[in-house]
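Please read these points with the sequence and the structure open beside you.

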Amino acid sequence: EVVRELGAEEVRWFYREDRKTWKPFIGYDSLRIELAFRALGSAGAAAGEPAAVEPVCVRSGLYEVDVASAESYPVYWNQTEKIPVMRGQWFIDGTWQPLEEEESNLIEQEHLNRFKGQQLQESFDMEISKPVDGKEAIHSLKLSRNHVDWHSVDEVYLYSDATTSKIARTVTQKLGFSKASSSGTRLHRGYVEEATLEDKPPQTSHIVFVVHGIGQKMDQGRIIKNTAMMRDTARKVEEKYFSNLATHVEFLPVEWRSKLTLDGDTVDSITPDKVRGLRDMLNSSAMDIMYYTSPLYRDELVKGLQQELNRLYSLFCSRNPEFEEKGGKVSIVSHSLGCVITYDIMTGWNPVRLYEQLLQKEEEELEESWMSYEERRLLEELYITKQRLKEIEERLHELKASTISKPPVLKFKVENFFCMGSPLAVFLALRGIRPGSSGSQDHILPRTICNRLLNIFHPTDPVAYRLEPLILKHYSNISPVQIHWYNTANPLPYEHMKPSFLNPSKEATSAPEPDSSSAAPSPTTSPVLVRRHYGESITNIGKASILGAASIGKGLGGMLFSRFGRSSATPQTMEGGKDGPEGDDKKATTVGTPPLPHSSSGILEPTVELEHRIDFELREGLVESRYWSAVTSHTAYWSSLDIALFLLTFMYKQDQEETDKSNLDTL
């Protein structure tokens with residue numbers, strides 16, 4: 001081989017985020033950036049002035065590179081910090097980190113001037129080439145703080161000219177070490193692997209919109225960092241478990257808060273000055289919940305999120321036209337209050353509807369009550385007028401609808417809706433949703449709107465609530481599905497996991513005896529703690545001491561942490577009147593035997609089961625303090641490998657099922 005100018009495939013481009021080390025672009029990206037760079041150079045030389053070159057789309061289409069300014073920026077979200085990019089030609093041995101561009105250019109220029117057209121050593125000779133001890137430099141180049149010595153065409157070393165390194169060099173040379181190895185760094189021309197267009201990111205078959213909850217005003221870029229964490233963890237999981245698939249899942253942050261004006265600065269102006277830091281923190285976090293429950297600003301929050309979701313989807317499709325053609329899917333991962341807003345957008349729920357229902361109820365109650373002839377006549381008149389008004393409004397609405405077709409609320413169908421640390425269940429309960437008799441998700445979120453609803457929470461997250469007992473009441477006694485550890489070997493698929501009861505195991509022994517049910521205390525007389533406290537499994541480490549301390553702190557702890565423990569005594573006592581001893585009989589008899597279609601005891605009718613499980617609980621760490629994790633757990637979802645694997649398992653499983661189905665259809 002002869003020394004010639006570096007080919008586009010030998011050059012490697014790098015980017016640097018958060019002032020960390022330089023990271024190489026994949027071959028496909030690097031090659032395209034280099035071609036754009038060369039086009040810019042040749043166009044500039046021809047025109048005599050810098051020519052405009054199209055920005056290059058990189059990193060699975062999430063970023064673009066502006067070659068002229070040597071900067072990269074995100075496509076789907078705003079970021080104040082630009083990401084510098086760099087052209088690597090000369091690299092440090094071992095780490096393959098690029099030399100700074102200015103030095104690199106000077107060395108490259110000098111190398112070509114001196115050695116262009118010269119023969120390179122054969123590669124196998126290079127491996128066993130003599131060490132550079134005693135070899136004199138055949139060429140040298142002085143840089144600002146370093147100098148470079150060429151011992152042969154392909155043996156190039158960089159030396160630092162700082163005083164300390166000079167002393168070190170003379171000492172080591174006197175001790176008999178070689179000059180090169182003492183403080184020189186071996187350099188390589190061209191990157192360790194050639195860039196090819198085949199080194200390409202897989203096609204995106206599924207996009208996930210990541211929606212934040214409260215607190216974004218306090219830390220605006222937080223959702224972007226959180227989504228980046230989730231994306232990186234998902235990439236690791238994809239490499240380990242789904243590397244055989246030719247497609248991948250892309251995560252996009254949905255930042256809906258910063259564009260809203262809401263009340264301007266009115267709330268700030270009425271905030272007292274003492275403990276201002278704490279007050280500002282509450283204003284920029286918890287205040288979002290108050291805005292959402294305010295009829296004045298609720299719509300602004302809903303519209304903010306809705307428009308951002310639609311904007312991102314349209315932008316993604318315009319840049320990836322084959323996504324919709326190939327039946328690409330969309331899922332949403334929402335956190336905290338974001339779950340409630342996303343749910344309301346999908347279902348179109350509005351407090352006005354609740355108010356109308358209330359008015360209707362009042363009217364019905366009025367009709368039933370006794371009233372004078374005059375009152376009844378006026379009421380009838382009012383009723384007729386209202387009916388007439390309703391008809392006119394409907395006709396007007398139809399006319400408008402025929403001229404302008406109302407666009408759908410969201411431009412896409414939601415495949416999966418994952419809630420993380422979600423208070424949605426509380427909002428639904430306060431809106432009057434009560435458990436039904438069918439085990440269908442349609443009771444709270446119709447399948448026509450969203451194929452699958454999944455509620456993920458950490459057992460000590462104080463903001464998270466369960467959804468299943470809102471569909472079927474007896475699920476308050478069935479534990480949520482435990483999410484598998486990331487490194488579990490051959491985990492049981494989630495759909496095959498049998499429901500397990502929350503009751504203490506000692507009750508299970510007496511369960512099959514029919515008489516024992518009558519002895520069970522009725523909820524009206526004494527509240528039995530049927531549901532265990534979440535995460536009550538303590539490790540054997542210091543078990544005795546914990547139990548000893550527990551007996552003292554039981555009374556106090558029960559009062560203080562009843563929210564985290566979620567003791568079920570209260571709901572049962574409240575429902576006691578309706579449930580009566582019969583309900584308790586059923587519970588006592590079914591203890592320890594999951595409600596399977598064929599009951600082993602043969603006494604009970606099989607209980608209704610959910611079509612799909614909805615509540616999924618992260619496993620607690622063995623050594624973490626439960627009350628400390630109550631503080632940290634609400635924000636601990638983003639970097640969890642267990643959650644990343646959980647999300648991808650559901651998304652890839654559906655994709656797999658669909659391809660299998662289409663293959664069957666073609667057969």
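**Notes on the model**

1. A nonpolar patch on the surface is formed by M218, V275, L278, M281 and L282, which together have about 470 Å² of accessible area. Patches are made of residues with over 30% relative accessible area and no salt bridge, with like charges joined within 9 Å and nonpolar side chains (Val, Leu, Ile, Met, Phe, Trp, Tyr) within 5 Å. A salt bridge is a side-chain nitrogen of Lys or Arg within 4 Å of a carboxyl oxygen of Asp or Glu. Accessible areas come from the Shrake-Rupley method with a 1.4 Å probe, and for residues only the protein chains shown count as cover.

2. This is a predicted model, in which local features need pLDDT of at least 70 and side-chain atom pairs count only at pLDDT 80 or more, while totals for chains, interfaces and linings use all residues. Residues are numbered from 1 along each chain as its sequence is written, and side-chain values use heavy atoms, with hydrogens and water left out.

3. Within the nonpolar patch, V275 sits in the loop between helix 7 (266–269) and helix 8. Helices (H or I, at least four residues) and strands (E, at least two) are DSSP runs, numbered from the N terminus. V275 counts as exposed because its relative accessibility is 56%. The classes are buried for under 20% relative accessible area, exposed for over 50%, and partly exposed in between (1.4 Å probe, protein chains only).

4. Which residues form the negative surface patch? They are E362, E364, E365, E367 and E368. Asp and Glu count as negative and Lys and Arg as positive, while His and the chain ends are not counted. The place of a charge is taken as NZ of Lys, CZ of Arg, CG of Asp or CD of Glu. E364 belongs to helix 13 (residues 351–368) and, at 42% relative accessibility, is partly exposed.

5. Side chains of opposite charge can pair when their charged atoms come close. The count of salt bridges comes to 27. One of them joins R319 and E64, whose closest N and O atoms are 2.7 Å apart. This pair links distant parts of the chain, 255 residues apart: R319 is in helix 10 (residues 298–319) and E64 in strand 4 (residues 63–66). R319 is partly exposed at 31% relative accessibility, whereas E64 is buried, with a relative accessible area of 14%.

6. R276 and D280 also form a salt bridge, with 3.2 Å between the closest N and O atoms. Why are R276 and D280 separated by about one helical turn? Because they are 4 residues apart in helix 8 (residues 276–284). Both are partly exposed: R276 has a relative accessible area of 27%, and D280 has 32%.

7. In helix 14 (residues 373–403), R377 and E374 are 3 residues apart, about one turn of the helix. Their side chains meet in a salt bridge (3.1 Å, N to O). R377 is partly exposed at 33% relative accessibility, as is E374, with a relative accessible area of 40%.

8. Is S422 buried or exposed? S422 is buried, because its relative accessibility is 2%. S422 lies in the loop between strand 15 (414–420) and helix 15 (424–430). Leaving out residues up to four places away in sequence, S422 touches (heavy atoms within 4.5 Å) S336, C339, N455, V463, A464 and Y465. S422 and H634 are 212 residues apart in sequence, and their C-alpha atoms are 9.2 Å apart in space.
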